[in-house]
Amino acid sequence: MTVSTYSGHAEKAAHALNFLILDDTIPADEHAVDQLLHCREAVVDALRQRLYDIGQDNSYPPADHLPVQTPKPALTGLDAKLATLVDNIAFALPSLPLDERRGHADYLTPASDDQTVESWRAAAVELLSASHALSAAEEQPWRTDPGAGWWVMRDVAVALEAVLVLDSRLEEVGLLAEHQRPDYAMGLDEKRMVLAQTARVATWHATSASPEEATPRFQQSTSSTVVEPVSMVSTPADLAAAQQRLAQFLRPLRANDAFYVDEPEITADSARQITASQLFLCRAFERAAGHSPKTEVFAAFFNERAEVLAALQPQISHLADVQAGQEPNMRRFWQQSELTSAVGRMEHRGGGIRLQPTQMVELARATHDVTHNLGKALRRELLRGASNLIDAHPRHHDGPVRVGRRSRLERTLTDLTNMPAPKQRVSRFSNPLQRAALQQTLNLTPPSSSRPPTPFPATRWAPDRTPSF
């Protein structure tokens, strides 16, 4: 059984919205119009749900699902307000009265003979499915990672602008006259300006396309209390998820965390194993990045990580535990062993590691998280007052010593922790066809205005003292 990803649903929805903008026809049949308006309501609900899922709305809308009036935005600091403005625009769209709304099955299940209504129905089905894929995904980095959140926000902004254009046509024939709507300070042109700017800013700042592969997780048929220990790696496409899982296992606990009982952050054996294995992986990923001109930009990124890890490896070769005990999180060993053995198998077979550009982006980001958390956890353990790690190098004649601040090892770990994350815009490597076509159609669709704007600046009256030409 195959499950469609968020990308598949979003592409089909963009295709349907693009057709509606280019077609510009409205059915005359009463039943067709009723189904069209309910499908439009589902489209709006799907976009509102997506905004709620990425955390831009901190509560469900009130009982009448109408927000309070918002002030007219100023251009100063506009980019910092874009996410909130998009949320306000979405919840200020005209909505059917609650007593007139019906269940989705009543109007999404039957296909329509009218092509316009059928396109609205397809857009509603696909947008609802796309939002559900994000809401029910097992891993949801777009909730916390701005690079992935901007990818989702770009799709929302483009789809919302398409709905505004289509709503303006429905308004002209009075089909939205009975809908509820709040008093909103922005007009259609201003809303489109905000949404277009949001799509552009999102293109600048989206550094992860991880939402594209989101699928709703299946509920287990039987209850289980066993936590999945590691992420298995069977193909090169699984490497990024496995690295991200390892990064989660390496994330240090805070002293005020309810589960922190002053246990060691990391043991000496674990630090050595992960450092050596990540050095091997970074070298392998560097070679994989060089296989394609589109991904060779990441070769330098992995090479820089490898150089710091190579400098760190001999410095921790003589670390020892004060109290020998079990590693606080054995899943680190298991996950790192799974990664190392899987990459070894791939290279031994002779095919090497072949990744798409977007997959290489995710792998680079996950590798950064692993090395960052490794350096942070090891540095924190070395410098805390009751550290369980000591330097047992034979050069210390008086026996093992504590690792202090401004030591060579501490400086190397600081360098590893402060290495920058990859900042490549993911739009360089991934530009979904249908969504790009929809955005281009919107750029070529002007508002229906009786007075088009003028390209000529207003006259500037010069004072008498200004010399004339």
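Buried means under 20% relative accessible area, exposed means over 50%, and partly exposed lies in between (1.4 Å probe, protein chains only). The model is predicted, so local features need pLDDT of at least 70 and side-chain atom pairs count only at pLDDT 80 or more, while totals for chains, interfaces and linings use all residues. Residues are numbered from 1 along each chain as its sequence is written, and side-chain values use heavy atoms, with hydrogens and water left out.

**View 1. Overview of the chain.** The chain has 14 helices and two strands; helices (H or I, at least four residues) and strands (E, at least two) are DSSP runs, numbered from the N terminus. Of its 469 residues, 48% count as buried. A contact is a pair of heavy atoms within 4.5 Å. Among contacts between residues at least 6 apart in sequence, 86% join residues at least 24 apart.

**View 2. Salt bridge between Glu-139 and Arg-245.** A salt bridge is a side-chain nitrogen of Lys or Arg within 4 Å of a carboxyl oxygen of Asp or Glu. The side chains of Glu-139 and Arg-245 form one, with an N to O distance of 3.9 Å. Glu-139 lies in the loop between α5 (115-135) and α6 (146-172), and Arg-245 in helix α8 (residues 239-250); the pair links distant parts of the chain, 106 residues apart. Arg-245 is buried, at 13% relative accessible area, whereas Glu-139 is partly exposed at 43% relative accessibility.

**View 3. Salt bridge between Arg-102 and Asp-34.** The structure holds 22 salt bridges. In one of them, the side chains of Arg-102 and Asp-34 meet at 3.0 Å, N to O. Arg-102 belongs to the loop between α3 (78-91) and α4 (104-108) and Asp-34 to helix α2 (residues 30-53), so the pair ties together parts that are 68 residues apart in sequence. Both ends are partly exposed: Arg-102 has a relative accessibility of 34%, and Asp-34 has one of 32%.

**View 4. Salt bridge between Arg-40 and Glu-41, with its network.** The closest N and O atoms of this pair are 3.5 Å apart. Arg-40 and Glu-41 are both buried. Through salt bridges that share partners, Arg-40, Glu-41, Asp-45, Arg-48, Arg-101 and Asp-167 are joined into one network.

View 5. Rings of Phe, Tyr and Trp (its six-membered ring) pair if their centres lie within 6.5 Å; planes under 30 degrees apart count as stacked, over 60 as edge-to-face and the rest as tilted. The count by this rule is three aromatic pairs. Phe-301 and Phe-302 form an edge-to-face pair, 5.2 Å centre to centre with 75° between the planes. Phe-301 and Phe-302 are both buried. Ring pairs link Phe-285, Phe-301 and Phe-302 into the cluster.

**View 6. Arg-154 over the ring of Trp-151.** A charge sits over a ring if NZ of Lys or CZ of Arg is within 6 Å of the ring centre and within 35 degrees of the ring normal. Here the charged end of Arg-154 is 4.6 Å from the centre of the Trp-151 ring.

**View 7. Buried face of helix α13.** Helix α13 covers residues 408-417, and its buried residues are Leu-409, Glu-410, Thr-412, Leu-413, Leu-416 and Thr-417. Seen down the helix axis, these fall within an arc of 160°, so they line one face of the helix; the arc is that of the directions from the axis to the C-beta atoms. An α-helix has 3.6 residues a turn, so residues three or four places apart point the same way. The buried residues of α13 pack against α10 (299-315), β1 (319-321) and α12 (357-383).

View 8. Most residues other than glycine have a negative phi. Asp-24, not a glycine, has a positive phi of about 55°. Asp-24 lies in the loop between α1 (6-23) and α2 and is partly exposed, with a relative accessible area of 47%. Arg-406 also has a positive phi, near 65°. Arg-406 lies in the loop between β2 (389-391) and α13 and counts as exposed, at 68% relative accessibility.

View 9. A disulfide is a pair of cysteine sulfur atoms within 2.5 Å, and a search of the whole structure finds zero. Cys-39 is buried, with a relative accessible area of 0%. Cys-282 is likewise buried, at 0%.
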